[in-house]
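Please walk through this protein chain from its domains down to a single pair of residues. The structure is shown first, and the explanation follows.

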Amino acid sequence: MKLRDLAYYRTGGRCQALYEPKSIQDLSSVIADLHKARSPYFVLGGGTNSLILDEDWPGAVIAFTQMRAIAVKGTQIICEAGADNSDIARSAQKAGLGGVAWMYRLPGQIGGTVRMNARCYGGEISQVASIVDAVLPDGTIRSYAASEGIFKGYKDTLFMSNGAVIARATLQLHPGDQASIDDQMRFCEEDRTRKGQFLYPTCGCVFKNDYSVGVPSGMLLDQAGAHDLKAEHVQINPLHANFVYNQGAGSRAILEMTFRMRDLVYETFGVWLEYEMEILGALPPDLKARVEEKKNPRLQMEKIEGLRKLFQKR
Ligand SMILES: Cc1cc2nc3c(=O)[nH]c(=O)nc-3n(C[C@H](O)[C@H](O)[C@H](O)COP(=O)(O)OP(=O)(O)OC[C@H]3O[C@@H](n4cnc5c(N)ncnc54)[C@H](O)[C@@H]3O)c2cc1C
């Protein structure tokens with residue numbers, strides 16, 4: 001099977017083995033076996049923040065297609081790693097619980113959402129995830145309380161550095177006002193649809209925001225003229241320049257477009273953008289060098305000040 005069949009962004013070559021565990025224990029024994037065999041692997045959630053490379057991957061992939069359960073217990077929602085964000089928001093809505101309406105139509109699964117500390121519409125998963133059960137790289141099962149510092153800030157979590165695979169998350173919610181939950185969910189859906197987010201496969205924002213710059217990366221890209229960058233089967237979302245549509249392209253063409261976007265912002269504003277998009281697979285050396293390239297900021301303050309004013313007016 002080609003990974004592109006599982007990938008939201010519709011890219012990805014073959015892998016050596018695909019594991020679809022059915023429970024935490026099952027996940028733990030898969031990881032313990034891979035550890036013993038020293039077999040490389042990567043984890044795939046919904047693939048909505050990831051670009052899977054088209055080169056065949058000489059290792060395993062773990063996917064959560066069989067771990068999607070969601071259980072409401074009082075004011076808590078307990079979700080297996082593969083639970084879909086919108087399904088979680090709908091379960092909370094049905095139970096009259098507030099705290100996750102912002103997750104409605106946020107593509108992806110709770111495991112990936114916790115790892116990325118996803119955020120939107122004033123919500124962030126760190127605000128509600130109280131316990132995260134994970135499997136360490138040697139197969140040991142470990143429970144983390146949010147108070148143990150698993151969330152480190154904007155798009156930064158312990159799971160990005162310790163290699164643990166998230167198996168389950170407990171979300172602590174609160175009784176909510178039904179009308180405002182319904183309204184917020186409707187707003188999230190309408191806003192994302194209006195911004196063309198679901199027209200073609202994307203991986204959400206390609207680049208993180210740099211809050212020290214004071215202007216979102218999408219605006220830097222837009223004002224630098226990223227919409228004029230053209231490539232076959234790759235298009236920048238006309239309504240949000242940090243989203244790159246895949247209209248039938250491969251992973252190399254998408255990556256090359258992101259290099260051009262990053263260069264353009266650097267040439268125009270002196271800001272070197274950092275990837276938010278996760279790259280899964282083995283990068284060929286030429287692409288690896290480009291992905292890992294770093295340039296010192298050379299902020300063009302006059303131009304950036306102008307943009308800050310424009311942004312504050314919006
Ligand atoms: C149209 C669109 C809009 C988006 N809007 C937003 C937005 O507003 N805000 C925002 O923050 N994001 C946004 N995103 C990005 C994405 O939706 C979120 O980051 C989402 O939480 C990722 O979940 P996923 O399961 O798809 O992760 P994946 O892309 O599958 O994985 C992301 C990373 O986490 C790892 N991972 C996946 N599952 C696990 C697990 N169980 N344990 C450990 N590691 C794991 C993967 O290996 C990868 O490194 C958007 C994406 C799209 C396509």
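In this predicted model, the domain assignment divides the protein chain into domain 1 (3-63), domain 2 (70-194) and domain 3 (217-313). Between the C-alpha centres of domain 1 and domain 3 the distance is 27 Å. These two domains touch: 14 residues of domain 1 and 15 residues of domain 3 take part in the contact.

Which elements of domain 1 give two or more residues to the side that touches domain 3? They are the strands β2 (41-44), β3 (50-52) and β4 (57-63). Of the elements on this side, β3 gives the most, with 3 residues. Sorted by class, the side of domain 1 that touches domain 3 consists of 8 nonpolar, 3 polar and 3 charged residues.

Two of these strands, β2 and β4, also belong to a sheet. That sheet is open and has 3 strands, in the order β1-β4-β2, with parallel pairing. Its edge strands are β1 (15-19) and β2, each of which pairs on one side only. On average, and with direction ignored, neighbouring strands of the sheet are turned by 25 degrees against each other.

Within the sheet, the pairing of β1 with β4 can be followed to the level of residues. These two strands run in the parallel sense and are joined over 4 bridges. Which residue of β4 is the bridge partner of Tyr-19? The partner is Ile-62.

The remaining points concern the protein chain as a whole. Its secondary structure comes to 9 helices and 18 strands. The radius of gyration is 20 Å, close to the 20 Å that the globule rule gives for 314 residues, so the chain is as compact as a globular protein of that length. Taken along the principal axes, the box filled by the C-alpha atoms is roughly 55 × 50 × 35 Å.

How much of the protein chain is made up of buried residues? The share is 41% of the 314 residues. Contacts can also be sorted by separation in sequence. Among those between residues at least 6 apart in sequence, 68% join residues at least 24 apart.

Definitions and conventions. Residues are numbered from 1 along each chain as its sequence is written. This is a predicted model: local features need pLDDT of at least 70, side-chain atom pairs count only at pLDDT 80 or more; totals for chains, interfaces and linings use all residues. The radius of gyration is taken over C-alpha atoms; the globule rule is 2.2 Å times the number of residues to the power 0.38. A residue is buried if 20 or more other C-beta atoms lie within 10 Å of its own, exposed if 12 or fewer, and partly exposed in between; C-beta atoms are placed from the backbone. Two residues are in contact if their C-beta atoms, placed from the backbone, lie within 7 Å. Domain bounds come from an automatic or database domain assignment. Ala, Val, Leu, Ile, Met, Phe, Trp, Tyr, Cys and Pro count as nonpolar, Asp, Glu, Lys and Arg as charged, and the others, Gly among them, as polar. Two strands pair if DSSP finds at least two bridges between them. Axes are lines fitted to C-alpha atoms, for helices over the stretch in contact, and angles run from 0 to 180 degrees between N-to-C directions.
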